[in-house]
Amino acid sequence: MSSYFKQNHRIVDLLPKNAEGLRRPQLGATGAMLAHGTRTAEPAVIALPTGTGKTAVLQLTPFLWSSGRVLVLTPSRLVRDQIVAGFARLQLLKHLGVLPSDAGLPNVAAISKRVISTEIWESYREFDVVVTTPMSASPSLEEIATPPTDLFDLVLVDEAHHSPAVSYSTLLGCFPSARKAFFTATPFRRDKKVVPGKLVYNYPLKAAIEDGTYGKVEYLPCEPAPGQNHDIAIANQAEAVFTEDAAAGLDHRMMVRTDSVARAKDLVKVYEQETNLRLKLVHGGHTMRHVQSVIKGLEKAELDGVICVDMFGEGVDFPRLKLAALHSPHKSLAVTLQFIGRFARTNAQDIGNAKFIAVPQEIDAEVRELFKSGANWEDLVANLADARVEEEASVREGLASFETEHAVETDEMDLTIDSLSPYFHAKVYQVDRSPNFEIPPFVPQGCELLYHAVSEDMAAYVVVCRRKTKPKWLETPSLLDTKNFLIVVHYNRFNQLLFVNSQEHGEDLYEKLTDSLYEDDLAAVCLPLPHNTISRALRILNKPSFYNLGMRNRELGGQDESYRTLTGPKADRRVSKTDANTRSRGHVFGGSSGDGESVTLGVSTLSKIWSNKYGLVPRYVDWCHKLAMEIASHSPVATGSNLDLLDTGRRVSKIPAPPIGMVWHEHVYRYPQLLSTDGVSHDRDLTGLELAIDTTTYTDESVDFNLIVDDDAIARFRFTVGTANIFTRLDSGSTLTLRNPVSEATLEDFFKLRPPTFFLADFSTLVGNEWYRGSTGTALDPKTIRTFSEFGKTVDIERECSDARTGMQTIHEFTEAQFLSGSSDIVIYDHRTGEVADFISLTETDDAVICQLAHCKGASGKKNKAQPKKAASRVDDAYEVAGQVVKCLPFRSRPAELKEKLLRRLSSGSVLLRGSTEHMERILDSAQRKRFVFRVCLVQPGLSASKLNESVERVLAAAGEYVTGNAGVAPSFWISP
């Protein structure tokens with residue numbers, strides 16, 4: 001192996017007496033490299049802003065580490081040749097006095113053509129330093145041969161922010177035993193990929209500005225006149241600035257920058273026609289001879305500048321470049337900062353401030369703050385760059401904090417913590433204590449554990465699993481589907497929030513995973529966040545716009561869908577005040593519309609948050625931390641959009657009002673859920689089944705309900721509010737299992753994960769433990785009140801359908817007489833479980849079908865009381881009658897479904913009091929072509945019009961508003977005088 005650096009490493013003098021010596025950033029970087037080399041073989045990353053002396057440190061590194069043969073990787077041919085010349089003469093180090101002037105020189109070679117054979121690689125063993133670009137040496141490219149693994153003892157990477165690229169990483173991977181050092185002005189990338197290795201030294205850009213390495217920088221915004229071509233406007237302004245600087249005695253050169261060869265050629269014509277500037281075109285298709293001739297022309301002042309396509313962006317040391325005409329500004333902060341560094345150098349005479357010319361509207365969001373008129377570039381550049389480097393250092397520290405607990409070696413993958421980039425997604429739980437990360441990790445059933453790592457510092461663990469399953473369409477297990485998936489768990493200590501990120505989103509998986517973290521602590525509390533709490537995370541969005549949102553219908557049986565989704569660039573603008581009265585907020589997804597980095601965020605009712613991005617685990621944890629701070633804040637959440645109109649509910653421990661109806665969770669209406677009974681699948685999903693409340697069981701803490709299939713109750717459940725286990729099954733009947741394309745679970749477990757919506761007597765809703773307000777409320781319309789003097793005199797107000805007192809009618813008998821006294825074509829008595837209403841009448845006119853429905857309830861009171869109870873103002877009776885309004889409204893705009901329902905009911909016990917079945921069918925068929933008018937009357941003689949108090953009026957008003965909003969016609973309340 002070549003031994004030049006081993007033999008000469010002691011001739012280095014880092015603190016020479018009679019010479020210029022190393023500058024402060026160079027000395028700091030050199031010391032850091034020496035220290036790093038004494039304790040670890042981990043790759044080192046040196047971050048030195050452009051112009052602070054990175055080249056000298058790069059040339060010194062082989063001496064510092066007493067290296068053998070050295071490979072230097074650089075991004076361009078021009079820089080490659082500069083590095084070759086630098087190592088071949090070592091003039092820079094000798095000028096600084098770091099090396100003696102008579103020191104011997106290494107044998108240096110440049111790889112200028114693709115290495116197509118191992119023999120060519122072997123020929124470089126006679127050199128001390130070999131310099132190349134990945135395009136000539138990376139085996140990731142076609143025809144390039146893989147080099148011998150022992151060929152180089154040290155690999156130096158210049159402009160190392162390129163190193164995550166495939167061409168770089170493939171070549172670096174060919175030398176697993178070689179030491180590696182990475183040099184860059186910006187150790188961060190726009191794609192947030194990490195430059196490999198440990199950041200051992202960073203010289204802040206602010207320090208470079210303070211010590212004079214960076215000079216003043218100005219941004220001159222170009223404001224084209226109306227209709228003026230932007231390129232012409234920039235060219236005219238660039239010539240004016242160049243002329244002004246020359247008149248002031250400044251020896252400046254100009255760079256005209258664009259992003260494509262085609263546009264660069266167009267700009268040649270623009271500048272030739274519109275200016276007198278002497279410019280030459282340089283792009284990647286030109287030979288090195290052409291490029292070098294252009295550089296000489298610039299040095300001799302034979303040219304005023306150059307039109308280029310990123311050719312002078314990296315590695316070119318030409319301090320007289322002071323003017324930049326940006327026809328295509330860089331989008332990345334990293335590249336922009338490097339670009340600025342080429343212009344901000346101060347190591348030449350007769351030069352002034354660097355100046356940048358660009359049209360403000362063409363600046364990308366990441367660097368827009370720099371290109372504001374009047375911006376202080378010195379401070380902005382320093383703050384932006386140093387903040388990003390600090391972020392990068394934090395990410396590296398986070399990655400280093402993970403201890404690998406388990407890793408499976410495979411030929412297919414190399415799993416390390418820095419190779420994992422989770423999607424930013426989490427289900428968030430409020431917990432009362434820390435999880436136990438020391439126990440074996442949760443591994444889903446049927447999965448193999450591939451990788452497990454834990455970080456105590458970040459309070460996080462990472463798991464990678466693999467599952468192999470037989471495709472459903474294949475009879476034999478000869479072919480298996482393989483799925484690898486990632487789980488990341490982070491505990492936010494400060495706010496006691498647990499963030500669970502799983503590539504598989506099954507709610508049963510989340511539950512088992514969280515249970516595993518507290519399996520030795522049965523007293524631990526781990527609850528998903530209420531919707532109004534998780535919605536606080538939306539505060540992270542600055543001036544948000546919402547692209548996708550859902551609204552849950554609070555009107556049971558309403559004409560509109562149970563769950564409505566709005567999409568589009570300004571979806572929130574389509575939320576109306578009417579929606580606020582009838583719907584509550586579901587899922588939300590939006591983004592920031594302000595300056596700076598684009599931010600997106602989604603929030604769901606299931607305590608989930610997400611953003612449309614991927615990132616390394618430390619960045620994901622940082623994202624969780626930022627959201628945790630917002631979630632923990634109790635300050636009001638105001639998005640400034642119509643989204644604020646929609647209620648997000650609040651957690652309750654008591655049922656605020658009697659439940660009067662219920663519907664399935666909105667998930668059921670979006671994703672098919674098939675019910676199986678004792679393993680036998682039904683041919684319909686849950687949306688075709690009914691949930692029926694047993695109002696007689698209601699307390700302020702619980703209520704029972706039944707699952708109805710074809711008018712029969714097949715299971716009974718209890719809902720208990722304010723507890724973790726809110727649903728329990730009461731009967732011991734058939735096993736009910738739900739199956740979907742992803743998983744299966746019992747119906748009881750499904751209720752726990754996706755609770756149905758209860759509609760309460762005040763027309764508010766309850767979803768699990770979350771209560772949502774009802775409509776805004778209006779005064780009771782007196783026109784809806786109809787009184788009957790018979791109530792309490794000839795009608796027993798306590799007997800709904802039987803056992804009326806002697807000489808009196810039941811409420812049903814009275815109502816039947818009222819319906820039959822009219823001219824309706826059809827009258828049906830349907831009083832039993834699953835009824836549409838107690839009485840239904842149909843009347844056909846020339847242009848409409850009128851459907852009138854009556855729901856009857858008796859006054860509350862003891863059955864055997866001697867004297868009939870006087871009709872009074874009782875809120876319980878108001879609740880009873882209000883609870884009836886939801887039974888019939890699902891058929892408001894569905895006459896065909898009403899026909900099928902009534903035919904089924906009549907065939908199984910309901911009574912046709914007038915007309916025929918055939919006539920009923922004809923009328924409801926006509927209703928599909930005519931106006932279908934719904935009229936609802938609510939019969940409750942236990943209420944008295946003369947004794948209605950505020951509480952009762954509020955209930956009746958809410959019921960009236962609800963019916964009017966759904967049926968289009970106000971209801972009629974039949975009550976006592």
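**A helix pair and its setting**

Modeller: Helices H2 and H3 cross in a right-handed sense. The model in which they are seen is a predicted one. H2 covers residues 24-39 and H3 covers residues 54-64. Their axes lie 10 Å apart, and the packing angle is about 30 degrees. Because angles under 35 degrees count as roughly parallel, H2 and H3 are described as roughly parallel to each other. On the H2 side, the contact is made by Gln-26, Ala-29, Thr-30, Met-33 and Leu-34. H3 contributes Ala-56, Val-57, Leu-60, Thr-61 and Leu-64.

Other helix pairs show what other arrangements occur. The axes of H24 (residues 895-906) and H25 (residues 917-926) are 9 Å apart, with an angle of about 165 degrees. H24 and H25 are therefore roughly antiparallel to each other. Their crossing is right-handed. The residues of H24 that make this contact are Pro-895, Leu-898, Lys-899, Leu-902, Leu-903 and Leu-906. They meet Thr-917, Met-920, Glu-921, Leu-924 and Asp-925 of H25.

A further pair consists of H4 (residues 77-89) and H12 (residues 288-299), whose axes cross at roughly 75 degrees and come within 11 Å. This angle lies in the range from 65 to 115 degrees, so H4 and H12 are taken as roughly perpendicular to each other. Arg-77, Leu-78 and Asp-81 of H4 make the contact with Met-288, Val-291, Gln-292 and Ile-295 of H12.

Beyond H4 comes Leu-90, in the loop between H4 and helix H5 (91-96). Leu-90 is a residue other than glycine with a positive phi, near 50 degrees. With a relative accessibility of 0%, Leu-90 counts as buried. Lys-543 likewise has a positive phi near 50 degrees and is not a glycine. Lys-543 sits in the loop between helix H16 (531-534) and strand S21 (544-553). Its relative accessible area is 59%, which means that Lys-543 is exposed.

Beyond H10 comes Gly-249, which has a positive phi, near 85 degrees. Within H10, the buried residues are Asp-231, Ala-233, Ile-234, Ala-235, Ala-238, Glu-239, Val-241, Phe-242 and Asp-245.

Ser-401 is placed in the loop between helix H14 (377-400) and strand S14 (403-407). Its relative accessible area is 13%, and Ser-401 is buried because the limit for that class is under 20%. Apart from neighbours within four places in sequence, the contacts of Ser-401 are with Val-454, Ser-455, Asp-457 and Met-458.

Ala-632 belongs to helix H18 (residues 617-632). At a relative accessibility of 32%, Ala-632 counts as partly exposed. Its C-alpha atom is separated by 8.9 Å from that of Ala-537, although Ala-632 and Ala-537 are 95 residues apart along the chain. With neighbours within four places in sequence left aside, Ala-632 is in contact with Asn-495 and Arg-536.

Finally, the whole protein gives the setting for these parts. The protein has 26 helices and 45 strands. Of its 977 residues, 54% count as buried. Among contacts between residues at least 6 apart in sequence, 72% join residues at least 24 apart. To return to the part with which this account began, H2 and H3 are roughly parallel to each other, and their crossing is right-handed.

Note on methods: Residues numbered from 1 in each chain as written. Predicted model: local features only at pLDDT ≥ 70, side-chain atom pairs only at ≥ 80, totals over all residues. Heavy atoms only, no water. Buried < 20%, exposed > 50% of the residue type's maximum accessible area, 1.4 Å probe, protein only. Helix = DSSP H or I, 4+ residues; strand = E, 2+ residues; numbered from the N terminus. Axes fitted to C-alpha atoms, helices over the stretch in contact; angles between N-to-C directions. Parallel < 35°, antiparallel > 145°, perpendicular 65-115°, else oblique. Left-handed = near helix turned anticlockwise from the far one by under 90°. Contact = heavy atoms within 4.5 Å.
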